[in-house]
Amino acid sequence: MKIAVLVKEVPDAAVEKRIDPASKRLDRSGEKNLNPFDTHAIEAAMQLREGGAVQVDEIVAVTMGPDSSKSALTKAVSLGADRSVQLTDDALAGSDVNATGYALAKVLESESPDLILLGQQSDDGECYAVGAVVADHLKMPSLTQVIKLDASGDTLTCERQAEYGYDTVKVTLPAVISVGDAINEPRYPSLKAIMGAKKKPLETKSAGDVGIEAGKVGEAGSKTEVLGLNPPPAKAGGELIADADDDIDGTVSKIVSWLDERKLI
Ligand SMILES: Cc1cc2nc3c(=O)[nH]c(=O)nc-3n(C[C@H](O)[C@H](O)[C@H](O)COP(=O)(O)OP(=O)(O)OC[C@H]3O[C@@H](n4cnc5c(N)ncnc54)[C@H](O)[C@@H]3O)c2cc1C
């Protein structure tokens, strides 16, 4: 079995998220990291390999991003991927989620994996949608929020978390599976793996290399457009209930009535 894991470079969680008012895009400058949700997808691939129920011949990390996104691929390899593929091209800048999914599907087509794993969401865009878009383009079944994965032959038995409980679903490969962050506890890379990751094959592909049609990507090829941006409304000031030294019961009763009025107790 060949597994492709989609990974994305995102601004570090400690960096304040800003939107560039001129381009209306997320300002992705500053410190960057591998999307933490994707580490669960890499770990799921590793556990399938180590579980032994199926033979995993190769785990390939795939990203679409600017030149700097190579470092997310190196981190993915240090966590267990055997090699990586970067799709990078100026023509892809400004792609919305549909165009991103299309472009990723074209790279994946050139890899022909049996299983495509990805995280539930990116830490920056948080669309939760790439898996479904990729699956639609590849005409593969797609499951989201998978928190348990068992493989047998060309069948996956998946448990997925839903608002009402859990679904158990069987899918026949090839399939696109987006894993929930409850699926596993990602491992830390060993020092040896970190040092060795830069030596593993990293292939860079352009839009033309994978047959991406120019009119389907970038700002022009995107079906959505950001029309305006508004900061979140300022928070109203809190209400202070002062503690009266000589009347603790009165203070407690004021707090209880405040909570009661708002149906919080
Ligand atoms: C009008 C518009 C313009 C935009 N312009 C840009 C732009 O210029 N540059 C830019 O970076 N973003 C841009 N975006 C955001 C971009 O569309 C999203 O980042 C992208 O669609 C992925 O969505 P998401 O990050 O919310 O992924 P989600 O659907 O939340 O992510 C789910 C999973 O998909 C995988 N994944 C997501 N993105 C990638 C990727 N690129 N490579 C590999 N795997 C991935 C990861 O495994 C992730 O865990 C734009 C969005 C809009 C609406």
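Begin by selecting domain 1 and domain 2: their C-alpha centres lie 49 Å apart. Domain 1 covers residues 2-216 and domain 2 covers residues 237-265; these bounds come from an automatic or database domain assignment. The model is predicted, so that local features need pLDDT of at least 70 and side-chain atom pairs count only at pLDDT 80 or more, while totals for chains, interfaces and linings use all residues. Residues are numbered from 1 along each chain as its sequence is written, and side-chain values use heavy atoms, with hydrogens and water left out.

**The sheet**

Next, display the strands (DSSP runs of E, at least two residues, numbered from the N terminus). Nine of them form an open sheet of mixed pairing, in the order 11-10-9-12-8-1-6-7-13. Two strands count as paired if DSSP finds at least two bridges between them. Strands of a sheet pair through backbone hydrogen bonds, either parallel or antiparallel. At the edges are strand 11 (165-172) and strand 13 (202-205), each of which pairs on one side only. From one strand to the next, the twist averages 30°.

Select strand 7 (residues 83-87) together with strand 13: the two run parallel and are joined by four bridges. S84 has L202 in strand 13 as its bridge partner.

Helix 3 packs on this sheet, touching strand 1 (2-6), strand 6 (58-64), strand 7, strand 8 (115-119) and strand 13. Contact here means heavy atoms within 4.5 Å. The direction of helix 3 makes about 150° with that of strand 6; such angles run from 0 to 180 degrees between N-to-C directions, with axes fitted to C-alpha atoms, for helices over the stretch in contact.

T157 stands opposite K170 in strand 11.

**The helix pair**

Now select helix 3 (residues 97-111) and helix 4 (residues 130-138), whose axes are 8 Å apart and which pack at an angle of about 55°. Helices are DSSP runs of H or I, at least four residues. That angle makes helix 3 oblique to helix 4, because angles under 35 degrees count as roughly parallel, over 145 as roughly antiparallel, 65 to 115 as roughly perpendicular and the rest as oblique.

Which residues in helix 3 meet helix 4? V97, N98, G101, Y102, L104, A105, L108 and E109 in helix 3 meet V130, V133, V134, H137 and L138 in helix 4.

**Two loops**

Finally, select P174, in the loop between strand 11 and strand 12 (175-179). The peptide bond from L173 to P174 is cis, with omega near 5°. Then select K24, in the loop between strand 3 (18-20) and strand 4 (25-27). K24 is not a glycine, yet it has a positive phi of about 60°.
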